[in-house]
Amino acid sequence: MTTAIWLFLLFVAFTLLITWWSARRSGGASAYFAAGRRIKAWQNGLAIAGDYMSAASFLGIAGMIALKGYDGFMYSVGFLVAYLTVLLIVAEPLRNSGKFTMADVLAYRLKARPVRAMAALSTLTVTIFYMIAQMVGAGKLVEVLFGLQYQYAVMTVGALMIVYVTFGGMIATTWVQIIKAVMLLIGTSILSFIVM
């Protein structure tokens, strides 16, 4: 087996170990859904960064720059600036209101049932499209590494993700995102250093 396959299997084994550790620590709904409120700010920040610097973002932006040149680069800057703008305009007033989600704020001001239904529908819609892009990339990676047919590669990755979330809950999900963020930051720093 090649080095890439060994590194991939090592990463999967390590993240499954984190899932097992998280499952042993999770006791009750609060620990499962909110990590028992034990995640520190820097951990949450790294987890959000890991989600934001995902393969879809890196591959999508690299493809956009390859196809569109400078306009593709400006597109990447645009969604970064938009994310920060949303944080400043939405996140602070949300925190000041004592609510946790936009649905909470809108349900407080409007009829709760339709607001929550639309919030759930929009969340599922965005998540499904985001997950499709992630699964395509992950399926292709597993297909190339192990020589599986594409459908089986996607099913394998999907089953692995279900195991992470079902057994590990929010603690495992957060720590997997933290590890991903650290790996992406180290990898891009090394690549930047090599390019310079």
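Author: Start with a term. A helix here is a DSSP run of H or I with at least four residues, and helices are numbered from the N terminus. Helix α5 is such a run, covering residues 70-97. The model is predicted.

Now the ring pair. Y70 and F73 both sit in α5. They are three residues apart, which is about one turn of the helix. Rings count as a pair if their centres lie within 6.5 Å. By this rule there are two aromatic pairs. In one of them, the ring centres of Y70 and F73 are 6.2 Å apart, so they fall within that limit. Next comes the angle. Their planes stand at 40 degrees. Planes under 30 degrees apart would be stacked, and planes over 60 would be edge-to-face.

The cut-off for exposed is over 50%. F73 has a relative accessible area of 39%, so F73 is partly exposed.

Step back to the whole protein. The protein has eight helices and zero strands. Its C-alpha atoms fill a box of roughly 55 × 45 × 30 Å along the principal axes. Of the 196 residues, 21% are buried. Among contacts between residues at least 6 apart in sequence, 66% join residues at least 24 apart.

Helix α1, residues 3-25, packs with helix α7, residues 112-146. The angle is about 130 degrees, and the axes are 10 Å apart. That makes α1 oblique to α7. Their crossing is left-handed. Which residues meet there? From α1 come A4, I5, F8 and L9. From α7 come L141, V142, L145 and F146. The residues of this contact divide into eight nonpolar, no polar and no charged.

Last, a loop residue. G36 lies in the loop between α2 (29-34) and α3 (41-52). G36 has 26% relative accessibility, so G36 counts as partly exposed. Leaving out residues up to four places away in sequence, G36 touches S30 and A31. R25 is 11 residues from G36 along the chain, and their C-alpha atoms are separated by 9.4 Å.

Methods:
Residues numbered from 1 in each chain as written. Predicted model: local features only at pLDDT ≥ 70, side-chain atom pairs only at ≥ 80, totals over all residues. Heavy atoms only, no water. Axes fitted to C-alpha atoms, helices over the stretch in contact; angles between N-to-C directions. Helix = DSSP H or I, 4+ residues; strand = E, 2+ residues; numbered from the N terminus. Parallel < 35°, antiparallel > 145°, perpendicular 65-115°, else oblique. Left-handed = near helix turned anticlockwise from the far one by under 90°. Contact = heavy atoms within 4.5 Å. Nonpolar A, V, L, I, M, F, W, Y, C, P; charged D, E, K, R; others polar. Phe/Tyr/Trp six-rings, centres within 6.5 Å; stacked < 30°, edge-to-face > 60°. Buried < 20%, exposed > 50% of the residue type's maximum accessible area, 1.4 Å probe, protein only.
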